Amino acid sequence: MLTVAAFAASLSASVPVQAQTVSDDVVKIGVIVDMTGVYSGNGGKAVVVASQMAVEDFGGTVLGKPVEVVSADYQNKVDITSSTVRRWFEQDKVDMVVESTDSASAIAIQKLGADRKRITIAAGSASTALTNAECSPYGIHYVYDTYALATGTGRAVVQEGGKKWFFLTADYAFGHSLEKNTSDIVKEMGGTVVGAVRHPLNTNDFASYLLQAQSSGADVVALANAGTDFSTSLKQAQEFGLTASGTQSIAAMLVFLSDLKALGPDVAKGVKFTTGFYWDYNDETRAFSQRFFKRFGTMPTDIQAGAYSAVTTYLNTVKAVGSDDADKVRAHLRTVTINDFFAKDGKIRDDGRMVHEMYLAEAKTPAESKSAWDLAKVLRPIPGNDAYLPLERSTCPLVKKP
């Protein structure tokens, strides 16, 4: 297993000594997140903290130049995202942007990165459009995506007998992508989709949607949403007695540690989900997570841990190529293998997808949970090549077809 230092050394050893160039004498990283809204718990200010930790652990400089982190709240609005990132690129000379967590905003960032020749890393958004129709020569999709979520959770639920599905879906790019990817898996495995309903972001009352789910005849009600939308819909589903009859079950398509903490084991118990990281998985994940807890007061979600890994990978690559030039950085990222506490044998493909091991997990019952953050258990790892869309099926125009 490579430590951060060993990873840096392996990168440095793989390229010849060359002139070192850093634009504007500083490497500037922009972190744009939802700090106060529906996704503030799973991403939020903690992504900024994780990025700052990565810079500090790297030593605060690269190629003898300082590394700075700037941050902003995009307020779940694409126009704010676009204007902020455009200003970062054009006026503030930001070299790389890490985003969390809205897919529509991530697509907008990726387009700006392609236009301005800047590296952009999607650490929290999930839509597979980022590595398909909307792919970019400078864009990287790092933590997870809707195909991996569908592959892990969808397959597990169908294998356990859940054949007829109804979707309660967030009505924007992420939700649409998650519903489609999961529907494809369900149908591929012999199941059917009997209906779907879509709700706006940040919905408080799911009553009408849940009534449609109850009367749909489905044996699985899939919550294709995230953040507080997921937490609220799951709570209200239980209040409605949606699973009380034993004829319907809930499939949670995107669950974060912050959701499990907010819900508690009494509500979340038994929910299966797919994740890219769990803090208590092994000694490496625990060591990082304990440091993060001391800094921020919570255990990290997969987005927060992934952001640390992504920033570290970027800085290692800048050091390896001797430049923050985006073309050189992106070219070298195609050649590296990422092994740290977050990613195992991670590879960044031509479509921008960072392929790494995922995990099928389950929320613990009150009896199983032994401490405040002992909220889930990993049932099994999912190899990266099984979790993610095969490259030959990508519609990204950057992918060379045989």
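A salt bridge here is a side-chain nitrogen of Lys or Arg within 4 Å of a carboxyl oxygen of Asp or Glu. The pair links distant parts of the chain, 19 residues apart: glutamate 179 sits in helix α6 (residues 173-188) and arginine 198 in strand β8 (residues 192-199). Helices (H or I, at least four residues) and strands (E, at least two) are DSSP runs, numbered from the N terminus.

Now check accessibility. Glutamate 179 counts as buried, at 12%. Arginine 198 is partly exposed, at 40%. Buried means under 20% relative accessible area, exposed over 50%, and partly exposed in between (1.4 Å probe, protein chains only).

A note on the model: residues are numbered from 1 along each chain as its sequence is written, and side-chain values use heavy atoms, with hydrogens and water left out. Because the model is predicted, local features need pLDDT of at least 70 and side-chain atom pairs count only at pLDDT 80 or more, while totals for chains, interfaces and linings use all residues.

Next, select arginine 353 and aspartate 145. They form a salt bridge, and the closest N and O atoms are 3.2 Å apart. Arginine 353 lies in the loop between β12 (347-348) and β13 (354-355), aspartate 145 in the loop between β6 (139-141) and α5 (146-159), so the pair ties together parts 208 residues apart in sequence. Both arginine 353 and aspartate 145 are buried.

Move to arginine 116 and aspartate 115. Their side chains form a salt bridge at 2.0 Å, N to O. Arginine 116 is partly exposed, at 22% relative accessibility. Aspartate 115 is exposed, at 56%.

For a network, select Glu160, Lys272, Glu362, Glu368 and Lys377: salt bridges link them. The count of salt bridges comes to 22.

Last stop: the sheet. Select β11, β14 and β15. These 3 strands form an open sheet in the order β11-β14-β15, with antiparallel pairing. Two strands pair if DSSP finds at least two bridges between them. The edge strands, β11 (272-275) and β15 (376-382), each pair on one side only. Strand β14 (residues 358-363) and β15 pair over 6 bridges. Pick leucine 360: its bridge partner in β15 is arginine 380.
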